[in-house]
Amino acid sequence: MNQEQTLFRKMMSQKIVDNKLSPRSLRSSRGFKILIILGTIVICGLFFIVHLDEQVEDNNKFKLIPGYVWSGQSINADFTYPIYKSNNDYQSELLVARTATPLVFLLDQTKDGVLIEIVNKISDSLKTITIESNKNLDAPISDKVLQEFLSLSPSQRQNELQKLRRVLASFIDDIYRNGFVNVNLEKINHSEITAKVPPNREFPLLKSGLNDRGSYLTKLRQFVASELPKTSPIAFEILSKYSQPNLVYSEELTEKAKQIAEKSVPKTSGIVRENEIVIKKGDVLTKEIIPRIRSYQTSRQMRSDESVTALSILGSLGHSTVIYSILLLYIFFIRKKIFADNFQIVILSASLVLVSLMAWITVEISSSFPIEYLIFLPAFSMLTAIIFDSRTAFYATVTMALMIAGIRGNDYGTGTAMLFAGTLGAYTVRDIQSRTQMFRSIFYIFIGLAFATVMFGLERSLDIYILGSRVLFSLVNAALAPIITFGALFIIERVSSVSTDLRIKEYDNLNHPLLLKMNETAPGTYQHTLAVALLAERCAQAIGANPLLSKVGTYFHDIGKMAKAEYFTENQMEMGNKHDLLQPKKSAATIREHIVDGIELARQYKLPERLIDFIPMHHGTSLIKHFYAKALEAAHEKGLEVNENDYRYPGPKPNSKETAILMICDSAEAISRIENMDNDSIKAKINDTIEDKILDGQFDNSNLTFEDVRKIKDTIFKNIIAKSHKRTSYKEMPQAENN
């Protein structure tokens, strides 16, 4: 029964280790990796050729900015084509055409005649009126005004009425000939209006001659006061009551007139003859030359049966492949761990696709603002630096910047500015220890974008307003970059096993429950852990590895010993060695189990995978020499064979400099505690142990160089000797003699 339990325990132990070490099928699947790579190439390639607007100005072939030098080959027109206006210029001219269109009024040519008839009718009534019959008068004349009129003699009344008819007829004719409108003149923003006479006759009228209700009454009051001093009250009251505008504003006809004006705006500004030189290589792009080049490209596309051909699709996919390959080749040859993990490839590829999408959007949206400076490449550069490392972030930044430049039509200026700012952003978070440190990147990203923008602008003599707007948008980009990085980082850390230094920093705490429990149940192991952690941190600093990861990983590397603390020498204080009662094979199995127990405990406390790696890798597949030697000795006496694999740790070997450092420091610290060994003996023993591990292939996957190993040994020797130095024995004060 005990043998069955031992066998079952051994099988489960190996299963736990294998599960820890073996990547998930999807994360290591070669097919899925190929799918990720092909998907990224296709999506980014489509951004080069797919456009919502067929007349999009910034096309894939040309990036035309005033002040740039034309670096392409000279272009000769191989056909005659029109010079198309830019979309912004054309829209501006349409707006001008609409704005310049005069308001349209319908002209009623009967209004003046009707008013004259009313004046004649009322004047006829006034000829026979008396004080007694004035109530029968059908006219808007007040009693006071009528009394003044009746105070005149009959002959005066007759003369004044004849004069009133003649003078008012002239006034009415003048007013209606110039135009009497039914709207306030202040609402007419043009120097003239259009008077339309049904069915289809129209002519212009100057605004300066028009009258609205207010100006009409003013002119009427002044006119009758000077021309009809005796009957001015009667004349004013008649005309103010019965006069009506002869020009009525028509919103419908005005809108039609504006539409006609828009249609009259030409989309072209000239033509280029066949064989005419469009531009020569080395010429400076000007506002006059740029439309000629754009029109040439547009005309070539219009003459083609298909704007997107099989060759253009193939070329675009090849374009994105070349750029993407810069990053792929780097991680394939230099960062094999990243290339082996599909999830990490997804992070890099998704960043590239998102940046490419933003670049594509800035092409599709026609805006007078420099929205290309809202492509948040610096945020993704920072994210890459935090998750991976600054070198990977640099290659990713180069790839993203080139993709931006390509999608935006060889936009060297924007691509270079993003590359510079992204590089600064990545290096500012290289040694990040706190999430708040990301916000210092605002300054560096802004400086990077603004400096590049201003320098390029000065080179091309850009307008100060354009430069100012670009700098402002650069500030917005810089301000939002840390927020975007923090949000993306939070999501990635929660949905995956990716652990950044920021998350590892959260475990740099000796009050963590696991460490407190270790101090209580395995105090010797706890003290050993602290000593090794200090040593590992200093060794990591010496060779340029990650000191934080080395230290924190060391904190938890021996937590599995808590399950059977009494079986480990450092915890056997004032007690016998329990291994004296066990067979060597059983002792080796017991020692091996602290790896499995450690992984189980780490998973139970949800430690990050980067920390769990230290548990199996700090021994790798090393041989448990003490018990292997005892087994060989016993087997020799009995003539039996010993299986070496029964005395090796389950592995795997260290796969990083940090885990390799722990393997060395763990052994070195243990050696330094051996009794009765002087410093030279300790150095020799440590050196032999390291040499044995090198020959055993324990560091084959760790990227450690011989120079790194030398620096690690020097650091260990210096720190261990300093720790084990002996103090001088000082004299005691002499006892006072008794008298």
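Is Cys-539 buried or exposed? I will come back to that residue, but let me begin with what we are looking at. This is a predicted model, in which local features need pLDDT of at least 70 and side-chain atom pairs count only at pLDDT 80 or more, while totals for chains, interfaces and linings use all residues. Residues are numbered from 1 along each chain as its sequence is written, and side-chain values use heavy atoms, with hydrogens and water left out.

Let me start with the overall picture. The protein has 30 helices and 8 strands, where helices (H or I, at least four residues) and strands (E, at least two) are DSSP runs numbered from the N terminus. Of its 739 residues, 46% count as buried; buried means under 20% relative accessible area, exposed means over 50%, and partly exposed is in between, with a 1.4 Å probe and protein chains only. If we take the contacts with a separation of 6 or more, residues 24 or more positions apart account for 79% of them, a contact being heavy atoms within 4.5 Å.

Now to the interior. In soluble globular proteins, nonpolar side chains tend to be buried together. Here the largest nonpolar core has 61 residues, and Ile-331, Val-355 and Ile-387 are those with the most contacts inside it; such a core is a set of buried Ala, Val, Leu, Ile, Met, Phe, Trp, Tyr and Cys residues joined through side-chain atoms within 4.5 Å. Helix H14 gives the most to this core, with 9 residues. If we leave aside neighbours within four places in sequence, Val-355 is in contact with Ile-375, Leu-377, Phe-380, Met-400 and Ile-404. There is also a second, separate core of 60 residues, which includes Met-518, Ala-522, Leu-549 and Phe-568.

Let me return to the opening question. Cys-539 is buried, with a relative accessible area of 0%, and Cys-44 also counts as buried, because its relative accessibility is 1%. A disulfide is a covalent bond between the sulfur atoms of two cysteines. How many disulfides does the structure hold? It holds 0, where a disulfide is counted as a pair of cysteine sulfur atoms within 2.5 Å. For Cys-539, the closest cysteine sulfur is that of Cys-665, and at 3.7 Å this is too far for a bond.

Helix H28, which covers residues 657-672, has 16 residues and reaches 22 Å from its first C-alpha to its last, close to the 22 Å expected at 1.5 Å a residue; the expected span is 1.5 Å times one less than the number of residues. This helix is mostly covered, with 14 of its 16 residues buried. In the loop between helix H27 (625-638) and H28 we find Pro-652, and the peptide bond from Gly-651 to Pro-652 is cis, with omega near 10 degrees. A cis peptide bond also runs from Pro-198 to Pro-199, again with omega near 10 degrees, and Pro-199 lies in the loop between strand E4 (192-197) and strand E5 (201-206).

Let me turn to the aromatic rings. The structure holds 19 aromatic pairs, meaning rings of Phe, Tyr and Trp (its six-membered ring) with centres within 6.5 Å, where planes under 30 degrees apart count as stacked, over 60 as edge-to-face and the rest as tilted. One of these pairs is Phe-332 with Phe-333, which is edge-to-face, at 4.9 Å centre to centre and 85 degrees between the planes. Phe-332 counts as partly exposed at 38% relative accessibility, whereas Phe-333 counts as exposed at 54%. Phe-369 and Phe-473, on the other hand, form a stacked pair, at 6.1 Å centre to centre and 25 degrees between the planes. Phe-369 lies in the loop between helix H14 (342-364) and helix H15 (377-387), and Phe-473 lies in helix H19 (residues 464-495), so this pair ties together parts that are 104 residues apart in sequence. Phe-369 counts as partly exposed at 44% relative accessibility, while Phe-473, at 17%, counts as buried.

I will finish with the loops. Asn-275 has a positive phi of about 75 degrees although it is not a glycine, and Asn-275 is found in the loop between strand E7 (268-272) and strand E8 (277-279). With a relative accessible area of 60%, Asn-275 is exposed.
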